[in-house]
Amino acid sequence: MDEFETVTLRDPSSPLTATYVPGAGMVATSLSDDGVELLGQRRGLHAYVSNHKTMGIPILYPWANRLSSNGYGVDGAVVTLTPGTGGVRNDPHGVPIHGILAAYRDWTVVATEESRLCAELDFAARPGLLASFPFPHLLSLEATLADRTLTVTTTVTATTGARVPLCFGFHPYLQLPGVPRAQWQIETPAMRYCPVNAWGIPTGQKEERPASAETLGEKFIDDGYDDVAPGSVFALSGGDRRIEVYFDCGYTAAQVFAPVDDDVVCFEPMAAPTDALRRGGYREVAPGESAVARFRIKVA
């Protein structure tokens with residue numbers, strides 16, 4: 001694998017650092033608190049680049065989670081997705097998963113400072129990407145680190161007469177080194193549970209869920225939600241450490257994921273529920289306008 005240049009952000013007020021790899025899809029590979037790694041490394045950067053095995057904090061774009069078929073329609077136009085081309089990859093059931101930007105190389109870094117990184121991707125200049133998501137726009141991703149908080153701001157600007165669907169998300173793998181998984185505490189806000197079928201596709205049923213706090217224990221969790229209110233807070237805590245994920249704006253859906261074969265917990269910010277690109281229920285960016293989505297990870 002080629003060696004990739006990394007950018008490490010430093011919090012001016014604490015030993016917290018965050019490392020990004022612009023040439024591997026603007027993935028965050030590390031969030032370290034004085035040497036203690038808080039992001040799940042899973043199979044590592046090499047597997048992410050070569051096999052799209054997620055780790056750290058990857059962006060899921062232009063859709064998060066799964067679509068129920070290899071195609072979708074927007075404003076009367078039908079788009080056919082071809083696995084293995086245009087960034088499309090399928091899960092074991094044969095349905096497209098996590099968009100088309102996994103480990104994508106051609107991000108352009110537009111600003112780097114001690115505690116700030118900003119990169120852009122112009123879809124209009126990328127025919128390969130437009131084949132899978134034919135909506136010209138400028139995608140901007142900014143990460144800042146301050147006050148023990150990593151803030152990730154995503155801006156989508158529609159650059160032609162086409163409206164741009166907003167169905168993207170992020171997949172932060174959080175961990176608590178030195179604390180047994182069974183002792184981890186997770187907290188989630190009030191939101192609406194969306195049951196799925198055996199392929200992970202929402203059934204269409206809905207169930208209101210109140211805010212909750214529970215010990216992870218031996219549980220396996222892979223649950224999707226919508227009706228996530230702006231400013232909602234998710235938390236993972238254990239020992240003397242607490243990690244909070246704030247859905248500040250632009251993220252109305254979430255996936256909570258805790259596999260039994262890896263000591264990680266994910267609170268995934270999503271701009272729309274799973275399969276929204278096929279079934280609707282997403283926001284759009286009007287021509288010439290921009291939309292901003294922001295989440296934060298605070299290390300208490």
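Which residue stands opposite Arg-296 in E25? Thr-151 does; the points below set that pair in its sheet.

1. Ground rules. This is a predicted model, with pLDDT of at least 70 needed for local features and 80 or more for side-chain atom pairs, while totals for chains, interfaces and linings use all residues. Residues are numbered from 1 along each chain as its sequence is written, and side-chain values use heavy atoms, leaving out hydrogens and water.

2. The nine-stranded sheet. Strands here are DSSP runs of E, at least two residues long, numbered from the N terminus, and two of them count as paired if DSSP finds at least two bridges between them. With that in hand, there's an open sheet of nine strands, antiparallel in its pairing, ordered E8-E9-E10-E11-E25-E21-E20-E15-E18. Strand E8 (108-113) and strand E18 (212-215) sit at the edges with a single partner strand each, so one side of each has no neighbour in the sheet. From one strand to the next the twist averages 10° (axes are lines fitted to C-alpha atoms, and angles run from 0 to 180 degrees between N-to-C directions).

3. E25 and its neighbours. Strand E11 (residues 149-158) runs antiparallel to E25, joined by nine bridges. Strand E21 (residues 241-249) also pairs with E25 in the antiparallel sense, over six bridges, and there Ile-243 stands opposite Val-299.

4. The two faces of E25. Have a look at strand E25 (residues 290-299): Ala-291, Ala-293, Phe-295, Ile-297 and Val-299 make up the covered face. Ser-290, Val-292, Arg-294, Arg-296 and Lys-298 are on the uncovered one.

5. The E8 end. Five bridges link E8 to strand E9 (residues 116-122), again antiparallel. Val-109 stands opposite Ala-119 in E9.

6. The four-stranded sheet. There's also an open sheet of four strands, E1-E2-E3-E4, with antiparallel pairing. Its edges are strand E1 (7-10) and strand E4 (36-37), each pairing on one side only. E1 and strand E2 (residues 16-21) run antiparallel and share four bridges; Arg-10 has Thr-17 as its bridge partner in E2.

Note on methods. Buried < 20%, exposed > 50% of the residue type's maximum accessible area, 1.4 Å probe, protein only.
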